Amino acid sequence: MSVLGNKREAIATTLAADLGIAGFSYIPGRIVPPCVMVAQGSPYVESGEVYGTFKTRFSVDLVSATAANDVTTEALDMMVEDALVSLINQGINVENVGQPYALDTNNATYLAATITINTTERL
């Protein structure tokens with residue numbers, strides 16, 4: 001697997017274990033929330049601060065299971081907090097957490113939020 005693919009997989013695996021939910025290093029065809037999906041960010045790769053390194057950006061999408069609005073909102077907040085702790089413990093830079101949004105997939109609507117992160121890699 002590529003360096004970038006290995007990094008995505010490591011992030012997804014650790015987040016899934018730390019949050020106790022399903023984790024994917026790609027966008028699956030069908031999701032079963034709650035879950036975390038790690039995908040390429042934008043820009044995906046750019047020059048690093050040190051010669052021979054690259055800054056890589058990923059989007060971490062947290063998806064809450066369906067429930068009453070107040071329950072799913074609180075569940076998403078807890079997922080975001082737990083994910084931030086996990087990412088920081090992995091030494092990953094967190095750029096921002098986007099506003100929660102309605103994710104329409106599988107003929108259903110789920111509450112989700114995206115965390116934008118970056119790492120420095122030597123390819």
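Helices here are DSSP runs of at least four residues, numbered from the N terminus. With that in hand, let us walk through this predicted model.

**A negative patch**

D77 sits in helix α2, and it belongs to a negative surface patch together with D18, E74, E81 and D82. How open is D77 itself? Its relative accessibility is 36%, so D77 counts as partly exposed.

**Salt bridges**

Side chains of opposite charge can pair when their charged atoms come close. How many salt bridges does a search of the whole structure find? There are three, and the table shows them.

| Side chains | N to O distance |
|---|---|
| E121 and K7 | 3.7 Å |
| R57 and E46 | 3.2 Å |
| E95 and R57 | 2.8 Å |

Start with E121 and K7, which meet in a salt bridge. E121 is in strand β6 and K7 is in helix α1 (residues 3-19), so this pair ties together parts that are 114 residues apart in sequence. E121 counts as buried because its relative accessibility is 13%, while K7, at 25%, is partly exposed.

Next comes R57, whose side chain meets that of E46. This pair links distant parts of the chain, with R57 in strand β3 (residues 54-63) and E46 in strand β2, 11 residues apart. R57 is buried, with a relative accessible area of 7%, and E46 is partly exposed at 29%.

R57 also forms a salt bridge with E95. Since E95 lies in strand β4 (residues 93-97) and R57 in strand β3, the pair ties together parts that are 38 residues apart in sequence. Through shared partners, salt bridges join E46, R57 and E95 into one network. E95 is partly exposed, with a relative accessible area of 32%.

**Backbone details**

Most residues other than glycine have a negative phi, and most peptide bonds are trans. Which residues does the cis peptide bond with omega of about 5 degrees join? It joins P33 and P34, and P34 lies in the loop between β1 (22-24) and β2 (35-47). Another cis peptide bond, between S42 and P43, has an omega of about -10 degrees; P43 is found in strand β2.

Now look at the loop between β5 (101-105) and β6 (108-121), where N106 has its place. The phi of N106 is positive, near 55 degrees. N107 lies in the loop between β5 and β6, and its phi is near 60 degrees. Are these residues buried or exposed? N106 counts as buried at 18% relative accessibility, whereas N107, at 88%, counts as exposed.

Terms used
Residues numbered from 1 in each chain as written. Predicted model: local features only at pLDDT ≥ 70, side-chain atom pairs only at ≥ 80, totals over all residues. Heavy atoms only, no water. Patch = residues over 30% accessible without salt bridge, like charges linked within 9 Å, V, L, I, M, F, W, Y side chains within 5 Å. Areas by Shrake-Rupley, 256 points an atom, 1.4 Å probe, with all protein chains shown as cover. Salt bridge = Lys/Arg side-chain N within 4 Å of Asp/Glu carboxyl O. Lys, Arg positive; Asp, Glu negative; His and termini not counted. Charge placed at Lys NZ, Arg CZ, Asp CG, Glu CD. Helix = DSSP H or I, 4+ residues; strand = E, 2+ residues; numbered from the N terminus. Buried < 20%, exposed > 50% of the residue type's maximum accessible area, 1.4 Å probe, protein only.
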